[in-house]
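Here are my notes on this one, written while going through the model. Have the viewer open as you read.

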Amino acid sequence: MPKSFPSSLPKRPFQRSIPTSIRQPQPSSRWLHLAPPFLLDRYIPRHHLISSIDAAKKRSEAYAHLRNCNLCPRLCGVNRYEKTGVCLIGAETVKVNTIAPHFGEEPCIQGHNGSGSVFFSGCNLRCVFCQNHDIAHQRNGFDLTPEELAEWYMKLQEVGRVHNINLVTPEHVVPQVALSILHARELGLRLPIIYNTSSFDSLESLKLLDGLVDIYLPDFKVWNTETSRRLLKADNYTETAMESIKAMHAQVGDLCFTADGIAKKGVLVRHLVMPGKEDEGREIVKWLAGNVSLDTMVHIMEQYFPRAHVGKPSRGGIKASKTVKAKVRYGDINRAVNLDEVASVRKAAEEAGLWRFVEAAKHGGFNI
Ligand code: SF4
């Protein structure tokens with residue numbers, strides 16, 4: 001034993017100095033968003049924590065909703081066992097377009113194995129620029145009962161080894177989704193549930209999901225009523241999104257992670273910046289900072305691309321149109337966004353005090 005430690009310990013054989021260029025990013029630049037108090041030791045999905053009595057109550061509430069549907073602000077009030085409302089989906093089954101591990105989500109959601117995504121067909125909004133137009137507007141897909149849906153969750157868990165079950169555009173099928181989660185927990189589902197929504201939900205619907213959903217992934221699309229009326233075909237989108245996101249945050253709080261960098265619980269808000277509508281984006285991020293939480297995790301997205309009805313020949317035909325702009329529908333949003341528009345929303349978010357952002361990976365790979 002040496003009497004005293006040498007001033008500099010010799011390097012072990014395998015210890016080499018790492019060139020600065022390939023060092024990992026410093027914690028201050030990369031890990032702060034998942035440091036305590038947003039770091040969880042371990043996580044048990046919420047659907048495992050509700051009692052069998054509460055589960056039975058939820059089942060009965062789910063069937064009641066389907067008999068008098070008020071699941072979204074359309075408030076159709078129809079008995080979906082007999083006829084359909086605006087969303088055109090009945091009660092016994094849901095229509096699903098795709099079920100698969102998905103690698104197009106945020107790094108903390110998709111991880112290394114993918115997010116177990118279920119893309120539901122149909123929607124309660126009618127966005128003219130819908131980025132999933134072929135799924136949401138066309139109602140392509142296959143019909144599944146809640147029990148069959150639960151079996152697919154198990155396949156995603158056992159075969160896909162995904163990090164979560166990600167329910168995409170589920171607003172109009174919440175009762176069937178609730179029933180499927182309750183069935184899946186009996187089959188042994190251990191994964192957190194993600195509710196990936198446009199935010200056009202009713203509070204009744206979110207109440208039914210309380211205790212079943214771990215992560216809410218709401219879009220906040222537009223701010224002005226005139227814009228929501230014209231582009232989403234909904235009068236009351238903004239007020240609804242505000243109420244819904246506040247209710248989601250009250251249930252699960254800010255986004256939390258386990259040490260592997262995978263999100264397990266909380267709210268992650270997405271805003272897709274629209275061409276020429278960055279002022280609406282700025283209002284949205286300011287509202288989030290002032291009314292939800294300064295610790296809200298936010299993804300300011302720049303991948304808008306004209307789809308669905310945008311850029312199609314205007315009704316009445318091109319010959320009837322007198323100006324170039326009128327030759328196509330929704331000409332004002334018939335382009336990609338530019339980086340200045342995205343940067344101005346990000347700047348407004350930072351000035352309002354938000355600081356937890358989903359960042360693109362600088363090294364081109366995963367950024368977990
Ligand atoms: S979920 Fe469908 S049926 Fe129910 S209120 Fe909304 S649009 Fe109408």
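1. Ground rules. This is a predicted model, so local features need pLDDT of at least 70, side-chain atom pairs count only at pLDDT 80 or more, and totals for chains, interfaces and linings use all residues. Residues are numbered from 1 along each chain as its sequence is written, and side-chain values use heavy atoms, with hydrogens and water left out.

2. The chain as a whole. The secondary structure of the protein chain comes to eleven helices and eleven strands; these are DSSP runs, numbered from the N terminus, with helices being H or I of at least four residues and strands E of at least two. Of its 368 residues, 50% count as buried. Buried means under 20% relative accessible area, exposed over 50%, and partly exposed in between (1.4 Å probe, protein chains only). Take the contacts in the protein chain with a separation of 6 or more: residues 24 or more positions apart account for 73% of them. Contact here means heavy atoms within 4.5 Å.

3. The ligand shell. Around the ligand you'll find Cys69, Leu71, Cys72, Arg74, Leu75, Cys76, Arg80, Gly85, Val86, Cys87 and His172 (a residue is near a molecule if one of its heavy atoms lies within 4 Å of it). By class, this shell has seven nonpolar, two polar and two charged residues. The classes are simple: Ala, Val, Leu, Ile, Met, Phe, Trp, Tyr, Cys and Pro count as nonpolar, Asp, Glu, Lys and Arg as charged, and the others, Gly among them, as polar.

4. The largest cavity. A cavity is a set of points, on a 1 Å grid over the protein atoms alone, where a 1.4 Å probe fits but cannot get out, and its lining residues have an atom within 4 Å of a point. By this rule there are two cavities of 30 Å³ or more. The largest holds about 110 Å³ of space, a volume being the space filled by probe spheres set on the points, which are joined across faces, edges and corners. Of the 15 residues lining the largest cavity, Cys69, Cys72, Cys76, Arg80 and Cys87 are the closest to its centre. Eight of the lining residues are nonpolar, four polar and three charged. And what is this space? The largest cavity is the space taken by the ligand (a molecule sits in a cavity if more than half of its atoms lie within 2 Å of its grid points).

5. Leu75 is found in the loop between α2 (52-67) and β2 (94-102). Most residues other than glycine have a negative phi. Leu75, though not a glycine, has a positive phi of about 45°. Leu75 counts as exposed because its relative accessibility is 57%.

6. The second largest cavity. This one has about 40 Å³ of space. Its lining is made up of Phe119, Phe120, Asn132, Ile135, Ala136, Val168 and Thr169, with β3 (115-120) and α4 (133-136) being the elements that give two or more residues. The lining divides into five nonpolar, two polar and no charged residues.

7. Is Thr169 buried or exposed? Thr169 counts as buried, because its relative accessibility is 15%. Thr169 sits in the loop between β5 (165-168) and α6 (174-187). Beyond its neighbours within four places in sequence, Thr169 is in contact with Phe120, Gly122, Cys123 and Asn196. Thr169 and Phe119 are 50 residues apart in sequence, yet 6.7 Å apart in space, C-alpha to C-alpha.

8. Lys233, another positive phi. Phi of Lys233 is near 60°, positive in a residue other than glycine. Lys233 lies in the loop between α8 and α9 (237-252), and is partly exposed because its relative accessible area is 38%.

9. Arg161. This residue lies in the loop between α5 (146-160) and β5 and, with a relative accessible area of 55%, Arg161 is exposed. Setting aside neighbours within four places in sequence, Arg161 is in contact with Asn113 and Leu156. Arg161 and Asn113 are 48 residues apart in sequence and 6.5 Å apart in space, C-alpha to C-alpha.

Note on methods: 1 Å grid on protein atoms, 1.4 Å probe; cavity = no way out; pocket = protein on both sides within 12 Å on 5 of 7 lines; lining within 4 Å.
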